[in-house]
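Here is a short report on one model. It covers a helix pair, a ligand shell and the confidence values.

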Amino acid sequence: MTDDPPLVSCINVSKVYSLASNGRLSRRSDAPTVTALDSVSVEVQPGETIALSGPSGSGKSTLLHLIAGLETPTSGTVSFDGTDLASLSGRRRTRHRLNNVGIVFQHFHLLDALSARGNVALPLVERGIRKRERRERATEVLEAVGLGDRLTHTPDQLSGGEQQRVAIARALVTNPRLVIADEPTGELDTETGAQVLERFQAAAEETAIVLASHDPNTLAVADRVVSLRDGQRVAESGPDRDRHTIDPAGAHSGTPGEIDG
Ligand SMILES: Nc1ncnc2c1ncn2[C@@H]1O[C@H](COP(=O)(O)OP(=O)(O)OP(=O)(O)O)[C@@H](O)[C@H]1O
Ligand SMILES: [Mg+2]
C-alpha cells in the first residue's frame with residue numbers, strides 16, 4: 001500500500017481567515033487574521049484511516065474541509081487522485097464531492113424536513129439511483145448504525161447521538177472513495193461508538209477515512225494519528241509515509257492521540 005500513489009495529497013497547505021464579516025481575506029495589510037492552518041503536509045493512501053488529533057482550535061475541522069474540497073487553501077495544494085482541487089471550477093468540485101466523498105460534519109447538517117431515511121438517501125438521489133434501491137440502501141446503512149427502528153423519524157425526533165449516526169450513514173451510503181468525519185463519535189456512548197467504528201472499519205477496506213477526534217477508542221482504529229497544534233502538524237504515530245519532519249520538541253508526547261502504529 002505504501003507505494004500506491006496517494007488518494008489525497010496536501011502539500012504545505014495554509015488557511016488564513018480574515019476577521020472581516022464576509023469571511024474573505026482582506027486586502028488591507030493591517031486587517032486582523034487567523035492562521036487556522038500553517039503549511040501542513042499530509043498524504044492519504046487508498047483504504048487508509050487517518051485520525052487528526054489536537055486541542056480545540058488547532059485546525060482539525062479546517063483541514064478536513066480543505067481535504068473534502070469544501071474550501072480552498074490560501075496557499076499550498078490539495079490534490080485528489082493527482083488533480084489539484086483548486087484547479088476545478090466550483091461546479092466540478094461539487095461534482096467531485098458528490099461522486100467521491102462522504103462527509104460527516106461536526107454539527108451534522110441534517111435536513112429537518114426529511115426523515116432519517118430521507119436524509120441518508122439524499123446523496124443517492126443526487127446520483128440518480130431509483131427510489132426502491134435508495135430506500136433499501138439507506139435502510140441497510142441505518143440498520144448497521146443501530147437505527148433500524150428510527151427510519152421515519154425526523155431529526156428533531158432524534159437524540160443528538162442518533163442524529164450523529166444518521167449523518168454517518170449518509171456519508172457511507174454511497175460507498176465513497178473518501179470519508180471525512182469530524183468528531184464522528186463525539187455524541188456517542190462507548191457502546192454505540194464502538195458499533196459505529198465497526199461500520200467505519202467495514203467500509204475502510206475500500207474507503208480512505210480521515211477523521212478528527214479526541215476519543216481514544218476512535219483514534220485507536222486509525223492506521224496513523226496526525227497531531228495538530230496551532231495549525232501546525234506537530235507529531236505523528238504509525239508509519240511515516242509522508243517523510244514529514246517530526247517536531248523535535250515532542251510537544252505532544254503525552255496526548256492520547258499518540259498510539260503505536
Ligand atoms: N471562518 C473562519 N473565520 C475565522 N476564523 C476561523 C474560521 N474557521 C475557523 N477559524 C479559526 O481557525 C482555528 C482552527 O479552527 P478549527 O475549527 O479548524 O479547529 P478544530 O481543531 O476543529 O477545533 P475543535 O476541536 O474545537 O472542533 C480556530 O482558531 C478558529 O477560531
Ligand atoms: Mg473542529
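Are α5 and α6 roughly parallel or roughly antiparallel to each other? Helix α5 (residues 160-172) and helix α6 (residues 190-203) pack at an angle of about 5°, with their axes 12 Å apart. Angles under 35 degrees count as roughly parallel and those over 145 as roughly antiparallel, so α5 and α6 are roughly parallel. Axes are lines fitted to C-alpha atoms over the stretch in contact, and angles run from 0 to 180 degrees between N-to-C directions. Helices (H or I, at least four residues) and strands (E, at least two) are DSSP runs, numbered from the N terminus.

This is a predicted model; local features need pLDDT of at least 70, side-chain atom pairs count only at pLDDT 80 or more, and totals for chains, interfaces and linings use all residues. Residues are numbered from 1 along each chain as its sequence is written, and chains are lettered from A and ligands numbered from 1 in the order in which they are written.

The residues in contact (C-beta atoms, placed from the backbone, within 7 Å) are these:

| α5 | G161, R165, I168, L172 |
| α6 | T192, V196, R199, A203 |

Ligand 1 is surrounded by 13 residues, counted when the C-beta atom, placed from the backbone, lies within 6 Å. Y17, A36, S56, S61 and T62 are the closest. α1 gives the largest share of this shell, 3 residues.

Confidence comes as pLDDT, from 0 to 100 for each residue. The protein chain has a mean of 86, and 85% of its residues reach 70 or more. Over residues 240-261 the pLDDT is below 50.

Conventions: pLDDT is the predictor's confidence in each residue, from 0 to 100. Two residues are in contact if their C-beta atoms, placed from the backbone, lie within 7 Å. Angles under 35 degrees count as roughly parallel, over 145 as roughly antiparallel, 65 to 115 as roughly perpendicular and the rest as oblique.
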